[in-house]
Amino acid sequence: VDGLPKYLYSRGFRRADHLFGAHRHQSGAGRVVLVEGALDAVWLHQHGYTEAGALLGLYCSRQQQRLLAALGDTVVLALDNDEAGVTASNQLVDMLGKRFNMRHVVLPEGIKDVQELGPEQLKEVLGARRYEWERLA
C-alpha cells in the first residue's frame with residue numbers, strides 16, 4: 001500500500017544496530033554480499049550464499065559498518081534494482097569505499113532483487129563473481 005513501510009518491525013527494535021544474517025556468515029569468506037531486506041538475505045542463504053547480510057533498509061549505520069568489518073574486507077552490493085537501490089548503492093560506495101573493497105552485482109535486465117533469481121542466475125551473478133566495477137548510472 002502506498003505510503004506505508006514495506007516491513008514493520010517491533011517497537012523498540014533498532015534496525016541500525018543489526019546486520020540481518022551476520023550470525024550465519026560463512027567464516028573466512030572475506031566478503032559480505034549486502035542486500036536491503038531480510039528476505040533477500042534468507043533467499044541467498046537458502047541457496048548457499050551464507051556471506052549475505054541485510055541492512056534492513058538502505059542506510060548503513062556506524063554499528064552496521066563495525067559488523068561488516070568483522071566479517072570481511074570486501075562488500076558486494078546487491079541492493080534492489082530500482083531507483084532507491086541505485087541511489088543507495090552510490091551513497092554506500094561513497095560512505096564505505098575508504099574502508100572496504102567495494103563491488104556491485106549486476107542484476108539481469110528486468111530483475112528487481114535477488115529473490116527473483118533462480119539458482120543458475122544466482123550462480124551467474126554471485127558465484128562467478130562478475131561484478132560491475134564502475135559507479136552506477
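**Figure 1. The largest nonpolar core of the predicted model.** This core holds 19 residues, among which V35, L44, V105 and L126 touch the most other members. Two or more residues come from each of β1 (30-35), α1 (38-46), β2 (52-54) and α4 (119-127). A second, separate core has 14 residues, including V32, L79, A88 and M102. A nonpolar core is a set of buried Ala, Val, Leu, Ile, Met, Phe, Trp, Tyr and Cys residues joined through side-chain atoms within 4.5 Å. Buried means under 20% relative accessible area, exposed over 50%, and partly exposed in between, with a 1.4 Å probe and protein chains only. The model is predicted: local features need pLDDT of at least 70, side-chain atom pairs count only at pLDDT 80 or more, and totals for chains, interfaces and linings use all residues. Residues are numbered from 1 along each chain as its sequence is written, and side-chain values use heavy atoms, with hydrogens and water left out.

**Figure 2. The fold of the chain.** Four helices and five strands make up the secondary structure. Their order along the sequence is β-α-β-α-β-α-β-α-β. Helices (H or I, at least four residues) and strands (E, at least two) are DSSP runs, numbered from the N terminus. Of the 137 residues, 40% count as buried. Among contacts between residues at least 6 apart in sequence, 68% join residues at least 24 apart. Contact means heavy atoms within 4.5 Å.

Figure 3. Helix α3 covers residues 83-96, 14 residues in total. At 1.5 Å a residue, α3 should span 20 Å, and its end C-alpha atoms are 20 Å apart, which agrees. The expected span is 1.5 Å times one less than the number of residues. Buried in α3 are G85, A88, S89, N90, L92 and L96. These buried residues pack against α2 (62-71), β3 (72-77) and β4 (101-105).

**Figure 4. Q65 in helix α2.** Q65 sits in α2. Its relative accessible area is 13%, so Q65 is buried. Beyond neighbours within four places in sequence, Q65 is in contact with C60, M95, L96, R99 and F100.

**Figure 5. V76 in strand β3.** V76 belongs to β3. With a relative accessible area of 1%, V76 is buried. V76 and V35 are 41 residues apart in sequence, yet 8.8 Å apart in space, C-alpha to C-alpha.

**Figure 6. L56 in the loop between β2 and α2****.** L56 has a phi near 65°, a positive value in a residue other than glycine. Most residues other than glycine have a negative phi. L56 is buried, at a relative accessible area of 6%.

Figure 7. D80 lies in the loop between β3 and α3. D80 is buried, with a relative accessible area of 6%. Not counting residues up to four places away in sequence, D80 touches E36, D40, G85, V86, K112 and D113. From D80 to L58 is 22 residues in sequence and 9.5 Å in space, C-alpha to C-alpha. The largest pocket has 18 lining residues, and K6, Y7, E36, G57 and D80 lie nearest its centre. The pocket holds about 320 Å³ of space. Its lining divides into seven nonpolar, three polar and eight charged residues. Ala, Val, Leu, Ile, Met, Phe, Trp, Tyr, Cys and Pro count as nonpolar; Asp, Glu, Lys and Arg as charged; the others, Gly among them, as polar. On a 1 Å grid over the protein atoms alone, a pocket is an open set of points where a 1.4 Å probe fits, with protein on both sides within 12 Å along at least five of seven lines; lining residues have an atom within 4 Å of a point. Grid points are joined across faces, edges and corners, and the volume is the space filled by probe spheres set on the points.
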